[in-house]
Amino acid sequence: MPAPNEALLISGRKQRGADALPFKIVTGHGVFVMPVISKATRLTLAMQEAEVYEDCYTKQGLTLSVQAVIAFKVGDDHESIAAAARRFQGDQGQMPTLVGRIFSGHLRSIIGSMTVESIIREQQTLADAIVDASKTEMARIGLAVDSLQISSIDDKGVGYIKALAAPHQARVNQEANVAQAAADRESAMAQQESVRHQAEYARQTAIARAQYQAEIDQAQQTAAQSGPLAAARAAQEVIAEQALVAQRNAELRQAQLIAEVIRPAEAEAERIRALARAEADATKLSAEAAAAQDRIALDQAIIDKLPEMLRAAAEGLQGANVTVLDGAEGLNSVVASLAAQGMTMLDTIRNGMRPEPAKPGTAVAPITPKSVA
């Protein structure tokens, strides 16, 4: 039974028909082969490669070294299998060599009609033209081309291709430099932005860490101070309560002192003051009574002495040269004056002044006589 990528060729039996093949082709299923009478061989239908490396002349007369790779296989139809079997059944390794020769000729022919610029720019067009040109020959030998790829084109050190590429390369380099500069600028901006973001994140992290640490420290300090603070509050409450108790005791003691000491003392003082006032009043009355008695005695003594005083005054007038005018009226005035002087002396004595008695022959007071109109 042939493999999926093989064709089984059975020969040895005479095939019927004028165009009958000298062998029978079997694909995709098995077949019984009679030993001795028939012979079976295999033809590969797998994909194969042929490589072409050829020096070609362009339309400008420049020599180009072109390398290409052709992927081919035996056709799937019986005609292609039969054509390939007739040519390669004895030596299937000749397929890549023959394909390479066929494509070398077509490659030289087509490149000779093209310029270097078109060859470089239109490599796929070149490959398609070569495949189209070789289809008839490839079909005649039972082969089908799957693809052709131009792998390299070289001007053999002339420098033409490099010169053609120089302006483009310069433009590409310039664009690459511009693009690289833009990329570097964007990269620098991105790095700076990243640095700023990192710095901002670090700042926010530091702030948050400091806030967290401050909260932790505050909580620890609060926890550490809660015990002493509670004890201090309790002590303050105890002291306040003791102060209230002491104040109540002081108020009670004050009330007791007022009731036991001050009130009796005030009563005693009031009693003493009343006694003192009474004694003072009695003393005053006694003094007033004594003073009244003394004044009465003094007045009596003065009254007893008054005639003697008047007599002494009269005796003093006896030796005086006195002229009395107006007759009886003038004399009465003199007498009245003497009486007035006596009363004055009486008042002076009463007020505590005791004048010395007038000596005989001395006038008690000058008497101014009235002139007669």
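This is a predicted model: local features need pLDDT of at least 70, side-chain atom pairs count only at pLDDT 80 or more; totals for chains, interfaces and linings use all residues.
Me: How confident is the predictor, by pLDDT, in the protein and in residues 358-373?

Reply: pLDDT is the predictor's confidence in each residue, from 0 to 100. The protein averages 78, and 73% of the residues score at least 70. Over residues 358-373, pLDDT stays under 50. For that stretch the model has 14 contacts beyond four places in sequence, a contact being heavy atoms within 4.5 Å.

Me: How many helices and strands does the protein have?

Reply: There are 6 helices and 6 strands, read from DSSP runs (helices H or I, at least four residues; strands E, at least two) and numbered from the N terminus. Their order along the sequence is β-β-β-β-β-α-α-α-α-β-α-α.

Me: Why is Leu 9 called buried?

Reply: Buried means under 20% relative accessible area, exposed over 50%, and partly exposed in between (1.4 Å probe, protein chains only). Leu 9 has 1% relative accessibility and therefore counts as buried. Its place is in strand E1 (residues 6-11). The C-alpha atoms of Leu 9 and Ala 85 are 8.3 Å apart, although 76 residues separate the two in sequence. Ala 85 is one of the buried residues of helix H1 (residues 78-88).

Me: What makes Leu 98, Asp 91 and Lys 156 buried, exposed or partly exposed?

Reply: Leu 98 has a relative accessible area of 29%, so it is partly exposed. The value for Asp 91 is 39%, which gives partly exposed. For Lys 156 the value is 47%, again partly exposed. Lys 156 lies in the loop between strand E6 (143-154) and helix H5 (160-318), and has a positive phi of about 60° although it is not a glycine.

Me: Which residues does Leu 98 contact, leaving aside its neighbours within four places in sequence?

Reply: Leu 98, in helix H2, is in contact with Phe 88 and Ile 141.

Me: Why is H2 called oblique or otherwise to H4?

Reply: The axes of H2 (residues 94-111) and H4 (residues 123-140) come within 9 Å and cross at roughly 130°. H2 is therefore oblique to H4. Angles under 35 degrees count as roughly parallel, over 145 as roughly antiparallel, 65 to 115 as roughly perpendicular and the rest as oblique. Axes are lines fitted to C-alpha atoms, for helices over the stretch in contact, and angles run from 0 to 180 degrees between N-to-C directions.

Me: Which residues of H2 and H4 meet?

Reply: On the H2 side they include Val 99, Phe 103 and Ile 110, and on the H4 side Leu 126, Ile 130 and Met 138.

Technical notes: Residues are numbered from 1 along each chain as its sequence is written. Side-chain values use heavy atoms; hydrogens and water are left out.
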